[in-house]
Amino acid sequence: MLLFANAAQVVTCAGPPRARRGPELADCGVITAAAVVTDREHVVEVGAQQELERKYPNADRVDCARRVLMPGLVDSHTHAIFGRPRYDEQEMRAAGADYMEIARSGGGIHASVRDLRARSEEELYVLAASRLDRLAAFGTTTVEVKSGYGLTVDDELKMLRVARRLADALPLRIVPTFLGAHEIPLEARSAPAGRADYVRLLVSDMIPRVAAEGLAQFVDVFCEPGVFTVEESRSILSAARQAGLRLKLHADELRPSGGAELAAQLGATSADHLAAISHDGIRALAASETVATLLPGTMLFLGKDRQAPARALIEAGVAVALATDFNPGTSPTTNFPLILTLAVSQLRMSVAETILAATVNGAAALGIADRVGQIAPGYSADLALFDIEDVRELPYWYGDRRCHATWVRGRPCHVTTEAQGARP
Ligand SMILES: [Zn+2]
């Protein structure tokens, strides 16, 4: 048994084992003079510190030293497996080039595809492991990882095998998603029937193989004008559902195209981006179980003056989550608390809303809200200890790294040198 004592605040996010909506997002469950008891893997009890200290006299103690103890952050949208970073495109955009223009000229995702195809599984594993360490250092304990820079059967499977190795080797909780429909590969774009052939390859070869080898839990599609149409997305996701996989969708990022409506219609677990979602899209999500995952870091990095309409979504009753979208082209940040800052300052969300969006609702966007995202009895002991005294400081010290230590399944995940007891 481990007893976490002397926290300035314990932020439980406790409540029903599903995504929170509307007024439920107003309270993230801040308690004081409280302690948390865990066994090797799960939270056993949360309550008054004095009482729990009497009840568990033999528990090992973690002194939280007046810091804030929270559920570990759940980053439900990343492209963390990639090769070369794409810093060159940042200056091209600054000089006026558009994201879709860069992609059409063979840069953007295509540059990452060329680079990834040339790398070995081992190389990609080493690169991704060090990048995931950085994510963990900011308080993240669950990370969704997508394929999507291979765009051939072998290279997509290579990415998913890297994800599996990462899940086996790292203390982080990793959820793999197959995103073979990230882009139409250049070789298919230049062939007359290439587009239809690639969709057919996804539907009849890649998805069945990914499902048979158990390499992914979700299938995702980049549904956007110029990439996959709503009808192509529908056929790809229908094949995924038939193969027993759950669904995600990159939807309405730059232009409204009916992506959110499609996600709701197909019962997707999440619809992500949504900076250009229509009123109909908002209504469709509000009436569905689909979580709307907002990625404000991406719009900031691309220099767009538009953000997803978080207030309209929340007020309509949509379940909203937040994530980093960590990727080499449009959101090269591993700093999840910075995304919370953007959510408060750009998306006008309250702190409680951002905390629940980054924990419980992130878990719901991965279909694991019954196990992860809360400090409550029976939940996995996925915890983060931040060097702040009030949870409102987490989005406040923007860009700063305040994570002191994290635990996943009750075991230390990220530990600062200070937390290890070795003071410099
Ligand atoms: Zn993405």
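Which side chain meets aspartate 98 in a salt bridge?

**Close-up 1. A salt bridge between aspartate 98 and lysine 304.** In this predicted model, the side chain of aspartate 98 meets that of lysine 304, with an N to O distance of 3.8 Å. Aspartate 98 sits in the loop between helix H2 (87-94) and helix H3 (99-104), and lysine 304 in the loop between helix H12 (296-301) and helix H13 (310-316), so the pair ties together parts that are 206 residues apart in sequence. Aspartate 98 is partly exposed, at 29% relative accessibility. Lysine 304 is partly exposed too, with a relative accessible area of 32%. Side chains of opposite charge can pair when their charged atoms come close.

**Close-up 2. A salt bridge between arginine 84 and aspartate 88.** The N to O distance between these two side chains is 3.7 Å. Arginine 84 has a relative accessible area of 30% and is partly exposed. For aspartate 88 the relative accessible area is 35%, and this residue is also partly exposed.

**Close-up 3. A salt bridge between arginine 189 and glutamate 183.** The closest N and O atoms of this pair are 2.6 Å apart. Arginine 189 is partly exposed, at a relative accessible area of 36%, whereas glutamate 183 is buried, at 5% relative accessibility. Glutamate 183 counts as buried because its 5% falls under the 20% cut-off.

**Close-up 4. A network of salt bridges.** The structure as a whole holds 27 salt bridges.

**Close-up 5. Leucine 151, a residue with positive phi.** Most residues other than glycine have a negative phi. In leucine 151, however, phi is positive, near 60 degrees. This leucine 151 is found in the loop between strand S9 (140-146) and helix H6 (153-169). Is leucine 151 buried or exposed? Leucine 151 is buried, with 2% relative accessibility.

**Close-up 6. Leucine 274, a residue with positive phi.** Leucine 274 is not a glycine, yet its phi is positive, at about 65 degrees. Where does leucine 274 lie? Leucine 274 belongs to the loop between strand S13 (270-273) and helix H11 (279-286). Its relative accessibility is 0%, and leucine 274 therefore counts as buried.

Technical notes: Residues are numbered from 1 along each chain as its sequence is written. This is a predicted model: local features need pLDDT of at least 70, side-chain atom pairs count only at pLDDT 80 or more; totals for chains, interfaces and linings use all residues. Side-chain values use heavy atoms; hydrogens and water are left out. A salt bridge is a side-chain nitrogen of Lys or Arg within 4 Å of a carboxyl oxygen of Asp or Glu. Buried means under 20% relative accessible area, exposed over 50%, partly exposed in between (1.4 Å probe, protein chains only). Helices (H or I, at least four residues) and strands (E, at least two) are DSSP runs, numbered from the N terminus.
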